[in-house]
Amino acid sequence: MKGRMNTQMGEVLIDTDVIAKYAGSVAVECFGIVGMASVNMKDGLVKLLKRDSLTHGISVELKDNKITLDFHVIVVYGVNISSVADNLISTVKYQVEEFTGLEIEKINIYVEGVRVID
């Protein structure tokens, strides 16, 4: 599914991979976020993703031109997870809506791990 916008010059289609990549790059810049996580369901292992594969830790769903984002993140040890989540939600919501011109309906955050940063 792609996001659609009709303009006076024609139609604009936005692929969900573009939204996921942009949202991931915004998310890793937020305070308290170490990075995106990949969960191996078979082993139950959580792996920190490199910057070039951020989209694996994010799922994007488009329905009626409204975006739902699911983030699987690893946070910094010692931070208030609620504050980090609130910051992530507000930052990503603003940035992605400005970037795409589409409305974000819901953002779900799944904290998959904690990492100590030196």
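Residues count as buried under 20% relative accessible area, as exposed over 50%, and as partly exposed in between (1.4 Å probe, protein chains only). The model is predicted, so local features need pLDDT of at least 70 and side-chain atom pairs count only at pLDDT 80 or more, while totals for chains, interfaces and linings use all residues. Residues are numbered from 1 along each chain as its sequence is written, and side-chain values use heavy atoms, with hydrogens and water left out.

**View 1. T91 in helix α2.** With a relative accessible area of 24%, T91 is partly exposed. Leaving aside neighbours within four places in sequence, T91 is in contact (heavy atoms within 4.5 Å) with V26 and C30. A23 lies 68 residues from T91 in sequence, and their C-alpha atoms are 9.6 Å apart in space.

**View 2. T100 in helix α2 (residues 81–100).** T100 has a relative accessible area of 2% and is therefore buried. Its side chain reaches the backbone oxygen of V96 at 2.8 Å, and a polar atom of the T100 side chain lies 3.1 Å from the backbone nitrogen of L102. Not counting residues up to four places away in sequence, T100 touches M5, I14, I19 and I67.

**View 3. A nonpolar surface patch formed by Y77, V114 and V116.** Together these three residues have about 350 Å² of accessible area, a quantity that comes from the Shrake-Rupley method with a 1.4 Å probe, for which only the protein chains shown count as cover of residues. V116, found in the segment after β7 (103–115), counts as exposed at 58% relative accessibility.

Definitions and conventions:
Helix = DSSP H or I, 4+ residues; strand = E, 2+ residues; numbered from the N terminus. Polar contact = N/O pair within 3.5 Å; in protein donor to acceptor, adjacent residues only side chain to side chain. Patch = residues over 30% accessible without salt bridge, like charges linked within 9 Å, V, L, I, M, F, W, Y side chains within 5 Å. Salt bridge = Lys/Arg side-chain N within 4 Å of Asp/Glu carboxyl O.
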